[in-house]
Amino acid sequence: MERRNFIKASVIASSGVFFTDTVLGFMNPSPEDSNIGEYYKGFQNPPAGSRLFVRWWWNGNRLDAKEILRELDVMKAAGIGGVEINPIAFPHDTDPVGYEALTIFEDKWLDMLQVALQGAKKRGMVCDMIVGSGWPFGGEFLKKEEQTQMVTIETEDLKGGGKYSFKLSDLLDKVDPSFHSKNKTVYKDLLMARLLPATSNEFIEGEDLTGSLKNEVLTIDVPEGDHVLYYVVKLTGYMAVINGSPGAAGPVLNHYSKPATEKYLNRISDIITGKIGDMGSYIRAMFCDSMELEGANWNDDLADEFEKRRGYSLLPFLPFVLKKVGKMGNPVKEEYGVKFPDEVKELIKRVDLDFYKTRIELFKERFIDTFNQWCHQNHVRSRMQAYGRGMHPLEASMEVDIPECETWLFRDVGRKYPDTGLIGRAPRMCNKYVASGAALAGKKVISCEEITNTTMVFMATLENIKIAGDQSNISGVNHSVLHGFNYSPPEAPFPGWVRYGTYFNERNPWWPYFKLWSDYKARISYLLQHATPQANVAVLQPLTDLWLKLGPQRDPFPQKWYPEYQNNLWEAIHQNGGGCDYVSENIINDATFENGRMAYNERSYHTLLLPEIETLDIKTAKSLSAFADTGGRIIFIGKKPFKSPSYKEPKANDARVKKIVDDMVARAKGNVVLYPSPKGDVIGWYGKLQDELGVKPYVRFDNAHKYLSQSCYRLGGQMLYFIANTSLSEHISVKADFQVENEAYPWVWNPETGERFTYPTTGTNNMLELEIPRATSMLIVFDKHFTKGQPYPVRLKSGGKEITGPWQLQLHHINGNKQVQNLDSLIDLVNDTEMKNFAGTVIYEKTLNIDNNNYHYIDLGNVQGVTELALNGKPLGVKWYGSHIYYIKDAIKTGENKLSIRLTTISGNYLKSLKDNPVAQRWTKKQPFYSMGIIGPARIV
C-alpha cells in the first residue's frame, strides 16, 4: 500500500479498531454538509469534545476523593469539557497541609484514579491521561538496558613526541554534560578511542586505541606534532524524568528500543485495566508529553541499523558526527577537535545527516508506531507532541490520532511583533508543522497545549489569554488543552499548590468570568473541528539545509533557524489573506500531479514555495520537475537548489540535482521562477510576491497589518473566515475583498453569545469594510441559503465627550481588606503607591450630569481588567477584552446619572508584596508590575 493511501485508511481504522463518536467525545457528529443550520445549532451549544480541556496536575499525588470530585465540579461549572489527568512532582516550597503522597499505580492511587474517571464520566466530561508522569516518561523500575542512551564525545589535545597515560575513570568522569534533568545513577561505557593529528587535509579515521586500554589505563605514544585524542562514551540512564511523581520518576525510557517501550506501556495498561476494566470505557486518549530527551541518540543496534539503511558504516565517522552537548542536548559552544578542510567538513555533515535520518526512522518505528498500536489495542486514542530532536517535525504527527502542538503566553504577545523570529508569537514554530501534518493525513482534531505560562504567572488577564488563544487558532489549532489546572485543596495556603500555569483557579480574582472565554473558545473549536482548512500554497521548509548548516534543533524552542524568516513565511501568507500547508520531500514524492496541481490525499496546491533551499534529494528534484510540467507554479525564493544530501558520489549527485532544476526552469513557461528573498518586511514582501506572480488569496486586504491575520475554512459547502486582531492596543480598519461566490451573503457568528448577524456590504456581498478593535476576532460565514437577519452592531468610532474626574473608588481586596480612594482623574493603579499591590475588585463611581439624552455609548478607553458597568442601577453588561464600550441609550436620562463600574484585576501585583510567601515569590519576584484599572480616557458618545 502506498504511504498516502495508508494514511488515508488510518483515519478510519487503526490496528483493526474502529472508532466512532462516543460519550468520551473524541469526535462530534457532523451535520450534512449542505445544512449550515445544523452547524449553527452545534455552534450555539457546543458539546464536551469542543470545549476547553485542562491539564489537571495531580501535584505530588497528594489526593483525596472528595477533593477530586469538588474540582471536577469547579471545572464543569467553568465550561471545561475535559481533563488530562497528569500526575506530577509536588511543587517546591509548598505546604502539603498533611496530605499523603501516593505512589502512582499502587492501590491507593488507583482508587483515586477510579474516582476521577467515574466522576468525570458521570458529569459528561472527557478524560485523557498522561502515560506515566512528567516528561519524557520513565520510572525507577526500569532496568539498565531499558533506560535512555546517548553517545557523546570528549577530546584531549596532546603534544607530540610524548607518552600519556589516562585512567579510564578519569576519562569517563570528564564526560559529564550539564543536563537539565540529570539522573542520580549514570552508567558510562567507553566505546571508542582514536588518535588523530590536529590538522588533516583529508578525512582519516585515526588510530584505534582501544587495544591500548589495559588494567583500566589508556596508554598512548603520541607521534611528533600536535594530536587530538577523541573518545566516544555511551551514557545510559543519564536523564531523569522531568517532574516525575512518586513511582514514575527516575531514569527516562529508551525510546529507540521497541521491547523496552512495549514493556513499559504494557505494564501501565495491565495495571489500569486490572482496576477499571477496558481503558476505552473511561479514557479518550493516552497522552505523550514533550520529547525533551536531552540528546538521546543511541541504541545498541543503531550502528548496524545505520549500515543496513544507508549502505555504509557509521563507525569510521562516529567521533566526528557526535557533539559535546549540554542542557537539553544542545551543542556546547567550544572549539575542539581536528581541523579538516571545508570539503571534508561537508562530507562529515552529510554522514551526520544520514545519522539523523536513521534516528528519525527508528524513533518512529520503535516508539511512535508502538505507542499508537498500544493505544489502539486498549481502545483509546493516541495523543502526542511528536516533535523535537529525533522526529520529523511534520511527518511524525501524521499517524498520531490527536496530534498536539504548543502555544505559550509571554509578555510580548500582543505588544511586539518584529518582522522575523518568534518574539510576539504565542504559537510555537511546531504548530504549523503539526497542523499541516494533520491536514495532510485527514485528521480533524488538532490539539494544543495552550497558554503555557512560566514567565507571567499570576499576571495574565483574560484579554492576554484570548489573544494567545486567537493566535493559536490562526496557526491551525482547534482543540485547546490548557496548561493547566492545579490540583489544590481549599485549605492549602494562598495561592495554593502551583506547579505551573496561568493560575486557572477559583481563587483567581477573574475566575468568575472565565466561562466567558471558555464559551468563546468552545464555539470556535466546534466550527473549526467540523470545517476544512483551505490552503492552495505549499511550503517546503529547508529542513535538510537547516540540519546540514546548523544541526537539528530543539523544537519548539530552536536556538537557530534558516533562513531568518523560516518561521514567519506562513504568517505572511495568512496575513495577506492566503492559506498554506507545510509539506516535506516525502509528501512531494508521494503526491500526484495533474492540471497544475499537486495533490496528496484530500489536499491540493497550485503553488509551491521553496525558501532558500540549496539541497534536494534527486527524487524530489524529479518530482518538482513533474509538477512543473503539468503547469504547477514553483517559486524558488532567493536561490535555486544546486546539490544533493548524498554521501555517496556527492559531486555526481550534486550535478544531477543542479541539472534537473536548471532544465526545469529552462523549459518552464513562466510557472517556475526565482524570486528575491525578503529583506526586513516579510508581510509586505509576500504581498508584493502575491500580486506580481498572481497567487490568489482567499481574502484580499487593502492594507495588510502585522497584528491582523486570518484562516479560511470550508464549512458545509460554505466559506468560513476566522479573522483576528491580536494587538493589545491597536484598532484595525481594513477593506476586505472575500474570494467567494457573489450570491453567498456574509454573516458574523458571535462566539461569545452564539448569536449571528448579517454584515453590511459595500456594493457586492464579498466586499466588506471591517472595524476590528484591539484583541478582537470575527467569524464570518458566507451563507447561500440565508440572506436576512438581525444586522451586525455598528462599531463605535472616535468622538464624544471626555468623562473627567473626580472618581470615588471602593477597593475590595482578595485578602478581605476594604478601603475607599478618591481620584482626580483615571490612572494606572500600579502608579499609585497605595494601590500598586492591590488584587480584587475596584468599584468606580461618579455622577454624570447630562444636558440631553442623545448619548448612546460610554467608552472606557484603556482598561486593564474585566469591567461590569451599571448606569442608574441598570446593569449594562460585561467586557473582558478589547474595547470596553457600553450601549447606554436605554439607561441614560437627562440630569443626574449614577455611573458605577466594577473592575476586576489580576492577582500578581499583590503576590509580589507577599515577601514571606515562597510560592508567591518564586513566580513573581522577577516579574515587573503589570498595569491594572480603568486608565481611560473615558468618554460618552
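# A tour of selected sites

Start by selecting Asn872, which lies in the loop between strand E41 (866-871) and strand E42 (874-879). The model on screen is a predicted one. Look at the backbone here: Asn872 is not a glycine, yet its phi is positive, at about 55°. Is this residue buried, partly exposed or exposed? With a relative accessibility of 28%, Asn872 counts as partly exposed.

Next, select Glu612. Another positive phi of about 55° is found here, again in a residue that is not a glycine. Glu612 sits in the loop between strand E24 (607-611) and helix H16 (618-629). Its relative accessibility is 13%, so Glu612 counts as buried, the cut-off for that class being under 20%.

From there, go to Tyr600, in strand E22 (residues 597-600). Tyr600 has a relative accessible area of 1% and is therefore buried.

Now turn to a pair of strands. Select residues 807-813, which are strand E36, and residues 818-823, which are strand E37. The two strands pair in the antiparallel sense, over six bridges. E36 and E37 form a hairpin with four residues between them. Within the turn, select Gly816, where phi is positive, at about 100°.

Two cis peptide bonds come next. For one of them, select Phe494 and Pro495: the bond from Phe494 to Pro495 is cis, with omega near 5°. Pro495 belongs to the loop between strand E17 (479-486) and helix H12 (514-530). For the other, select Gly936 and Pro937, which are joined by a cis peptide bond with omega of about -5°. Pro937 is found in the loop between strand E45 (933-936) and strand E46 (939-940).

Finish on the surface. Which residues gather there in a patch of negative charge? Select Glu205, Glu207, Asp208 and Asp221 to show the patch. Glu205 has a relative accessible area of 39%, so it is partly exposed.

Notes:
Residues are numbered from 1 along each chain as its sequence is written. This is a predicted model: local features need pLDDT of at least 70, side-chain atom pairs count only at pLDDT 80 or more; totals for chains, interfaces and linings use all residues. Side-chain values use heavy atoms; hydrogens and water are left out. Buried means under 20% relative accessible area, exposed over 50%, partly exposed in between (1.4 Å probe, protein chains only). Two strands pair if DSSP finds at least two bridges between them. Patches are made of residues with over 30% relative accessible area and no salt bridge: like charges are joined within 9 Å, nonpolar side chains (Val, Leu, Ile, Met, Phe, Trp, Tyr) within 5 Å. Accessible areas come from the Shrake-Rupley method with a 1.4 Å probe; for residues, only the protein chains shown count as cover. A salt bridge is a side-chain nitrogen of Lys or Arg within 4 Å of a carboxyl oxygen of Asp or Glu. Lys and Arg count as positive and Asp and Glu as negative; His and the chain ends are not counted. The place of a charge is taken as NZ of Lys, CZ of Arg, CG of Asp or CD of Glu.
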